[in-house]
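Here is a short report on one protein model.

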Amino acid sequence: MFSLGSKEPVVATANIVIDCSPEHVFSYLGEGFFENYPKWSPEVVELESVTSGPPRLGTIARQVRIDQGRRTETQFKINVYEPNKRLGFAGVADPFRCSYEIRCIDSGKSSELIFTFELLEIQMFMRPFEKLIRVVVQEGAQRTVRNLKRLTEAKKYAAS
């Protein structure tokens, strides 16, 4: 019998140590969100704030992504904004969440970045490809933290 896959969410987590303080990492990640997000997630081809002002709790953004050749347009809302600690957002109408947690290590000289992406529901027509989706999402999480490490450390050393 042909399996339609499960209804279980797809969750991918990756972590990395960054040779920057939590303040530096959050400055790049949270304060510079609209400038930098397409850099660490090059699948984002358009990004704009729907609400006015700098990124903060409640900010709504619109993005256009091209993932594996598939174009999607979504809106998401910043649902966690804790300077130097955490940034999170969730789809407004689409079932996904992203979180970035920054932990202070080495007396504040370095940070551990933990990224989690959750696809809360797989559409029925995609369920036969669930295993492939899980692999792709995990690879994307690992690529995200590697990109953030490279970009934040490059910015730190360029400034010094």
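## The nonpolar core

The largest nonpolar core holds 33 residues. Seven of them touch the most other members: Leu29, Tyr37, Trp40, Leu87, Phe89, Tyr100 and Leu113. The model is predicted, not experimental.

At least two residues come from each of β1 (10-18), α1 (22-31), α2 (33-40), β4 (70-82), β5 (86-91), β6 (96-105), β7 (110-119) and α3 (130-159). The top contributor is α3, with 6 residues.

Start with α1. Its buried residues are Pro22, Val25, Phe26, Tyr28, Leu29 and Gly30. Viewed down the axis of α1, they fall within an arc of 170°, so they line one face of the helix. Leu29 is also among the core residues that touch the most other members.

Now α2. Here Phe33, Asn36, Tyr37 and Trp40 are buried. Their arc around the axis is only 115°, so they sit on the same side of α2.

Beyond four places in sequence, Tyr37 touches Gly32, Val44, Leu47, Gln63, Arg65, Phe76, Phe89 and Tyr100. Phe89 and Tyr100 are, like Tyr37, among the core residues with the most contacts to other members.

## Aromatic rings

How many aromatic pairs does a search of the whole structure find? The count is 15. One of these pairs is Trp40 with Tyr100. Its geometry is edge-to-face, at 5.8 Å centre to centre and 75° between the planes. The edge-to-face label follows because planes over 60 degrees apart count as such.

This pair links distant parts of the chain. Trp40 lies in helix α2 and Tyr100 in strand β6, 60 residues apart. Are the two partners buried or exposed? Trp40 is buried, at 1% relative accessible area. Tyr100 is buried too, at 2%.

Both rings belong to one aromatic cluster. Its members are Tyr28, Phe33, Phe34, Tyr37, Trp40, Phe76, Phe89, Tyr100 and Phe115.

## Cysteines

The search of the whole structure finds 0 disulfides. Cys20 is in none, and the nearest cysteine sulfur, in Cys104, is 12 Å away. A disulfide needs the two sulfur atoms within 2.5 Å.

Cys20 is buried, at 0% relative accessibility. Cys104 is exposed, with a relative accessible area of 53%.

Ser110 lies in strand β7. Ser110 counts as buried, at 9% relative accessibility. Leaving out residues up to four places away in sequence, Ser110 touches Val17, Ile18, Asp19, Cys20, Pro22, Arg103, Cys104 and Ile105.

Thr72 is in strand β4. Thr72 is partly exposed, with 22% relative accessibility. Buried would require under 20%. Which residues does Thr72 contact beyond four places in sequence? They are Gln63, Val64, Arg65 and Asp67. Gln63 and Arg65 are also touched by Tyr37. The C-alpha atoms of Thr72 and Val44 are separated by 9.6 Å, although the two residues are 28 residues apart along the chain.

Technical notes
Residues are numbered from 1 along each chain as its sequence is written. This is a predicted model: local features need pLDDT of at least 70, side-chain atom pairs count only at pLDDT 80 or more; totals for chains, interfaces and linings use all residues. Side-chain values use heavy atoms; hydrogens and water are left out. A nonpolar core is a set of buried Ala, Val, Leu, Ile, Met, Phe, Trp, Tyr and Cys residues joined through side-chain atoms within 4.5 Å. Buried means under 20% relative accessible area, exposed over 50%, partly exposed in between (1.4 Å probe, protein chains only). Helices (H or I, at least four residues) and strands (E, at least two) are DSSP runs, numbered from the N terminus. Contact means heavy atoms within 4.5 Å. The arc is that of the directions from the helix axis to the C-beta atoms. Rings of Phe, Tyr and Trp (its six-membered ring) pair if their centres lie within 6.5 Å; planes under 30 degrees apart count as stacked, over 60 as edge-to-face and the rest as tilted.
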